[in-house]
Amino acid sequence: MSDQGIRPTQPDEPDPNRWWALVVIALAQLMVVLDMTIVNIALPSAQRELGMSDNNRQWVITAYTLAFGGLLLLGGRIADLAGRKRTFIIGLIGFAAASALGGAATGEGMLYAARALQGVFAALLAPAALSLLTTTFTDPKERGKAFGIFGAIAGGGSAIGLMAGGLLTEYLDWRWCLYVNIPIAIVAAAGALRLLHDSPGRPGARLDVPGVLLGCGGLLAIVFGFSEAEPRGWDDGLVLGMLIGGVVLLALFTFWMTRARHPLLPLHIVKDRQRAGAFLAMGLTTIGMFGVFLFLTYYLQGVLGYSPLKTGFAYLPMTAMIIIGSTQVSARLLDRLPPRALMVPGLLLASLGLVLLTRIGVEPAYASRVLPAIMILGFGMGCTFMPVFATATSGVAPHDSGVTSATLNTAQQVGGSVGTALLNTIATSATTAYAKDHAVPGMGPAQQRALGLKSTVEGFHTATWWAAGALLLAAVAAAVLVNGGPVHGTGPAVSDAAADAEPDDAAVRSGSESD
């Protein structure tokens, strides 16, 4: 690959605008992550205005996660082939346009289509953002700080989305939960044009079309199946068909990756022990985290009677602890300690925070029970996300950085979709069983309401125990698989001149470096 158009970023000659470039990348990542949750609090208002049924309202969330999770691998490979900066800017512009369409929706179908378009452009944007981060910072200490900030945003973006959704819904209108993306995207795109530097695309490479159909089709089927499991039930024919079909397509995808000349996902990326551990830890962590965000929001509003604004601010301490854990602990220790020395304690702390959440009851006890639990949970997540991102992107050839970033984002997104559907089903089943076991003939309205609240809390307890178990499994995966030393060089570990090397050669280099 020619070096024409590439701005040198040698350690002794750092890019003078690199920290401003981080602001641009962080803005884009924040927009993508918070859009997973920002509409949650606004959903009741949108449902009333647009006349959505209870069965259809979940598509406001599902349309986004389905497109985002299913197309991430394709987005990552496009970033590698077309150029990461170009893909990043296209993603920003498209995301802003889709947000404007959703904010102006005159009916539920228009809103669902806009959310799906947001997911499509987010699938371009997210892997390009992480790839640009790895190529912008070359000094190990600076790179650690940059990944600390990025990890804080990745971990806290969902909570920030809940808080922002509460503010916008209460003081403006639910439509501003979508419109707010437009100024963010415009600022980020203008900054990207001025501050980001990247190699051009690889004109000689080709997109793996069979891999796209098999891999993206399999992911779309699995995400759709888990999304429909809660409203339809796990024994529904469509749900089972989608899940089984998705697994079959992914098995065929894996086989094809061993034969394709330009594979969509080079298998040496996921065969590397360190990266496999990071991907698995990320997926298991988000299985527990996303479901708990959903339950805790319903608990604060439905059981404790919080307003949308108050609910959003209730998450603020957790967001603060995520930032502290990422920037003040992980960022300072990543180049001194092995990643698992940060990931395992962080995941154990997060799991402890979830266990403490099982102590909440019907009575208002935010300060004594909810607050300590979410602060411990946030600090643990802050210590975890940054080394996960750093480990997953360490030692990757430049021409594979986009698809590697996409694989990590896929683990996060699919884990979140699985966790939301799985834990919601567990909670609903536990709630129904408790209400049935404790119902008494002739109960008055007050008694029925009290039983309903108690049943809801019991369902939340059961699901939270399962979520804590998922985080414990993530800790085990990190302890067993991520056995490398301190990450001194996060990001591409081979020169840009090697980007035109054959994939097999890149695989040998990547594997030897990880060893």
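**Salt bridges and their surroundings**

R175 and E49 form a salt bridge, with 2.7 Å between their closest N and O atoms; the term stands for a side-chain nitrogen of Lys or Arg within 4 Å of a carboxyl oxygen of Asp or Glu. Because R175 sits in the loop between α6 (140-171) and α7 (176-179) while E49 belongs to helix α2 (residues 38-50), the pair ties together parts that are 126 residues apart in sequence. Helices here are DSSP runs of H or I with at least four residues, numbered from the N terminus.

The model is a predicted one, in which local features need pLDDT of at least 70 and side-chain atom pairs count only at pLDDT 80 or more, while totals for chains, interfaces and linings use all residues. Residues are numbered from 1 along each chain as its sequence is written, and side-chain values use heavy atoms, with hydrogens and water left out.

Buried means under 20% relative accessible area, exposed over 50%, and partly exposed in between, with a 1.4 Å probe and protein chains only.

By the salt-bridge rule the count comes to four. Among them is the pair R369 and E363, whose closest N and O atoms are 3.7 Å apart. R369 is partly exposed at 28% relative accessibility, and E363 is also partly exposed, at 41%.

D272 and R275 make another salt bridge, at 4.0 Å from N to O, and both residues are buried. For D272 the relative accessibility is 7%. D272 lies in the loop between α11 (267-271) and α12 (273-303). A polar atom of the D272 side chain is also 3.1 Å from the backbone nitrogen of Q274. This is a polar contact, a pair of N or O atoms within 3.5 Å; within protein, one must be able to donate a hydrogen and the other to accept it, and residues adjacent in sequence count only if both atoms are side-chain atoms.

A further aspartate contact is found at the start of α10, where a side-chain oxygen of D236 comes to within 2.9 Å of the backbone nitrogen of L238. Helix α10 (residues 237-257) has 21 residues and should span 30 Å at 1.5 Å a residue, which agrees with the 30 Å between its end C-alpha atoms; the expected span is 1.5 Å times one less than the number of residues. The buried residues of α10 are V239, L243, G246, F253 and M257. They cover an arc of only 85 degrees around the axis, so they lie on the same side of α10; the arc is that of the directions from the helix axis to the C-beta atoms. On the face turned away from this buried side are the exposed residues G237 and I244.

P339, in helix α15 (residues 339-357), is buried at 2% relative accessible area. P339 and G485 are 146 residues apart in sequence, yet their C-alpha atoms are 7.1 Å apart. T456 belongs to helix α18 (residues 445-481) and is partly exposed at 37% relative accessibility.

Conventions: Helices (H or I, at least four residues) and strands (E, at least two) are DSSP runs, numbered from the N terminus.
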